[in-house]
Amino acid sequence: MDNRLLISGSPHVHSRDSVDRRMWNVVIALLPALGVALWTFGARALYVTLVAVGACLATEWIIERYLFGRACTLRNGSALITGLLLAFNLPDILPLWMVAAGAAVAIGVGKMSFGGLGCNIWNPALVGRVFLLLSFPAAMTTWNPSVGSGLLPAQATGASGVDAETGATLLATLKTHAHEMDLSRVDWLSLALGDMNGSLGEVGAIAILLGLAWMLLSRTVTWHIPVSVLGSAALFSWCTGANPGLELLSGGLLLGAVFMATDYVTSPMTHKGQLIYGILIGVLTIIIRRWGAYPEGVSFAILLGNSFTPLLNKYCSPRRFGMAGKRKEAAA
């Protein structure tokens, strides 16, 4: 048999891009948010992050080595990203054994049970977070009492209305006291810089946007998903009488839109599909926040969006050349 290598004619495409390169670009983009978490929550943020990352790496190595019997894939950075994103979705005072359990579920159930990177249908970090939220709801909604809520004291503004307790999140306050909220008391600078309570990675809007800028400049992601998620959430919240700025800056909406909804494996491949997917996530997030049982809805919204990805890939795929003519002939 002739085994000669046949090379097509020029031009040839040369690229330094790879899965590993894109994964490590995401890790770089996460560093500003990690820095804000360490500044806001101190050593506890570091402990939660190290345990989450370590448990994710260990779980993937054990499964690859002893169950799949194949080469280790830790160098591609995907397990590291899962650990960072899981930590970013947790309170800093969550018991560390719960952090490790969530990481094991994120990798073991959310990723490796489907075959590993490229095969999972849901974002692994969010699988771990939702597992912890449903299993330990009290621990997952208990916040550091030494961190503020993102509201200025009523005495400083001369405003009346609800006084948020220290340790509460702004999103929880909006859920229970939205009708009493005085917007003059919102500390917008704290929301932007990260000096407020919440999960580790959701408290610094500027840091998250810096990460988005890096991923756009490095062409790790495109604008379609983040813009459609945030734009649809802002528009729908305005239509329902909420304040779009508060909805975008409180809770994990920015974090989810930038780092989790854009996951390559679980998001649509076409730009049209990505826009529909983003709008679906943005609208579902506000629906859950406004009328659901939980003050935060972005995790559930992204997982539901992940579930629609196969359909969006099927019905938003580009038409292959010549298929229109064949369909007309078949119809005739």
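## Stop 1: a helix pair

Helices α14 and α15 cross with right-handed geometry. This is a predicted model. Select residues 271-291 for α14 and residues 298-315 for α15.

Now show the side chains at the contact. On α14, pick G273, I276, Y277, L280, I281, L284, T285 and I288. On α15, pick V298, F300, A301, I302, L304, G305, N306, F308, T309 and L312. Colour them by class: the contact of α14 with α15 has 13 nonpolar and 5 polar residues, and no charged ones.

Next, draw the two axes. They come within 8 Å and cross at roughly 150 degrees. Angles over 145 degrees count as roughly antiparallel, so α14 and α15 are roughly antiparallel to each other.

## Stop 2: the largest cavity

How many cavities of 30 Å³ or more does a search of the whole structure find? There are 2.

Go to the largest cavity, with a volume of about 280 Å³. Its lining has 21 residues. Centre the view on M23, I81, N123, D263 and Y264, which lie nearest the cavity's centre.

Then select the helices around this space. α1 (19-41), α3 (78-88), α5 (124-135) and α13 (253-260) each give two or more residues to the lining of the largest cavity. The largest share, 4 residues, comes from α3. By class, this lining has 13 nonpolar, 6 polar and 2 charged residues.

## Stop 3: the second largest cavity

Select T169, L170, L171, M196, N197, E202, S250 and G251, the residues lining the second largest cavity. About 40 Å³ of space lies in this cavity. The lining splits into 3 nonpolar, 4 polar and 1 charged residues.

Keep L171 selected: this residue of the cavity lining also lines the second largest pocket.

## Stop 4: the second largest pocket

About 260 Å³ of space lies in the second largest pocket. Zoom in on R129, W143, L171, P295 and E296; of the 22 lining residues, these lie nearest the pocket's centre.

Which helix gives the most to the lining of this pocket? It is α15, with 3 residues. Colour the pocket lining by class to finish: 11 residues are nonpolar, 8 polar and 3 charged.

Notes
Residues are numbered from 1 along each chain as its sequence is written. This is a predicted model: local features need pLDDT of at least 70, side-chain atom pairs count only at pLDDT 80 or more; totals for chains, interfaces and linings use all residues. Side-chain values use heavy atoms; hydrogens and water are left out. On a 1 Å grid over the protein atoms alone, a cavity is a set of points where a 1.4 Å probe fits but cannot get out, and a pocket is an open set with protein on both sides within 12 Å along at least five of seven lines; lining residues have an atom within 4 Å of a point. Grid points are joined across faces, edges and corners, and a volume is the space filled by probe spheres set on the points. Ala, Val, Leu, Ile, Met, Phe, Trp, Tyr, Cys and Pro count as nonpolar, Asp, Glu, Lys and Arg as charged, and the others, Gly among them, as polar. Axes are lines fitted to C-alpha atoms, for helices over the stretch in contact, and angles run from 0 to 180 degrees between N-to-C directions. Angles under 35 degrees count as roughly parallel, over 145 as roughly antiparallel, 65 to 115 as roughly perpendicular and the rest as oblique. A crossing is left-handed if the near helix is turned anticlockwise from the far one by less than a right angle, and right-handed if clockwise. Contact means heavy atoms within 4.5 Å.
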